[in-house]
Amino acid sequence: MKHLLEKYDTPAPRYTSYPTVPYWTDSPTLDECIQSLDTYLSPKDSKLAIYLHIPFCETLCTFCGCNTSITKNHTVEEPYVTALKNELQLYTDRVSSLNGKNLSELHLGGGSPTYLSDYNLKSTIEFILTKLNPAEDPQYSIEVDPRRTRISQLKLLQQLGFRRISLGVQDFDPEVQRLVNRIQPFELTENITLEARALGFDSINFDLIYGLPKQTLSSMQYSIEKTLELKPDRIAFYSYAHVPWIKASQRLFTEKDLPEPTLKRDLYEMGRSLLEKEGYREIGMDHFALPHDKLWKAFNTNKLHRNFMGYSDSKTDVMLGLGSSSISETPNLFFQNQKLEMKYRKSILDGIIPILRGHKLTQSDQTRKQLILDLMTSWQVKVPNEMKSHVFHFLQEMESDHLVHWQGETLTVTEQGKPFLRIVAMAFDEKLQLSQPTKPVFSKAI
């Protein structure tokens, strides 16, 4: 495996969208966004998801690549919560089919949603639920920072219908925590996990990261073993992305502190092995679930879905993002809000829906988006005849290395090929290939 990891060590997108954000070009107008929302929400059986972005954190985690606002001054809550409510009101005023629409999914992310006071958290969620109607078996979920989460918040969320919770853990090793400025003793994570279970949360996720500074095989083993003590229903095991030219906070440690590429992959493979020994099943890219969890059941019944919020056990037709930097998605559009929290609020105060940029999907975009989605959610994809020659040529060497397998028009990622899922997906990425017309050269020396 080591020689393959070295051979195919090439940057590749995570494909939470296609086209990926750097290749968004043809931005829709506000009227086009409104029209698209109205069109795809009008059918009675269409499904709506809402993502709510709370950007605030009290301290900066140096690994973080999210859109955040760092402050311990909680007076920022009230104007931001007011802006969130007014943004939804602006949409319901313009999109007639949104009023009273059944809400299938609601997800709060950040930042740290539990930065908000109990009152502001409650009033924000209740406002959304007064504008929309809960669908049958709605899925409400929230990301929490165990260092900043109160039991009173968990009780409140449970009363409002939340049954899924995702805990930011990253790593249990004290030295790694120190380097990434996130001191989080095991007992904090344990307490929130046990309290959530006692309250009836039936799907608990841990976010872990491999590739952080000073991580070693022994420290990763420790983190996985501590995770297994608590046995979350799901685990997201993300690769750390080192982009200090984008996120200046990542300059607080150097490249010398990071695991070299082969060790980084070994960290993942060891983690995967330990998790699978304890009954977890690998799902798509970087995710694991226990067999009783809905995510694994969705994978087994070909109902697994993926969008900007991550993997989901059901497909929604429209995702409406509220809050600074949030991204919305319809079948033919992506559009993103103003990234800066102050610009976002000013736009709302001026009565303007705060869209910053977006992309109108061509028919080719929509086709390739679906093919990449199929690949990311099932490890296989049926390749259209008009693409097969190109995809076959792009992946020919990977097939020779037994990383992919063809059976007629169906392309399948093999067990050995799973670590290279992103590379396989690049075969369908027309935008990337147009910008880099030469096929990646995989080392012949190995």
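Thirteen residues line the largest cavity, and Tyr15, Thr16, Arg306, Lys369 and Leu373 lie nearest its centre. This is a predicted model, in which local features need pLDDT of at least 70 and side-chain atom pairs count only at pLDDT 80 or more, while totals for chains, interfaces and linings use all residues. Residues are numbered from 1 along each chain as its sequence is written, and side-chain values use heavy atoms, leaving out hydrogens and water.

**The cavity**

- A cavity here is a set of points, on a 1 Å grid over the protein atoms alone, where a 1.4 Å probe fits but cannot get out, and lining residues have an atom within 4 Å of a point.
- The largest cavity has a volume of about 120 Å³, a volume being the space filled by probe spheres set on the points, which are joined across faces, edges and corners.
- β11 (305–307) and α12 (363–378) are the elements that give two or more residues to this lining, and α12 gives the most, with four.
- Helices (H or I, at least four residues) and strands (E, at least two) are DSSP runs, numbered from the N terminus.

**Helices α8 and α9**

- Helix α8 (residues 217–230) packs against helix α9 (residues 261–277) at an angle of about 30°, with the axes 10 Å apart; axes are lines fitted to C-alpha atoms over the stretch in contact, and angles run from 0 to 180 degrees between N-to-C directions.
- That makes α8 roughly parallel to α9, a label for angles under 35 degrees.

Note on methods
Angles under 35 degrees count as roughly parallel, over 145 as roughly antiparallel, 65 to 115 as roughly perpendicular and the rest as oblique. On a 1 Å grid over the protein atoms alone, a cavity is a set of points where a 1.4 Å probe fits but cannot get out, and a pocket is an open set with protein on both sides within 12 Å along at least five of seven lines; lining residues have an atom within 4 Å of a point.
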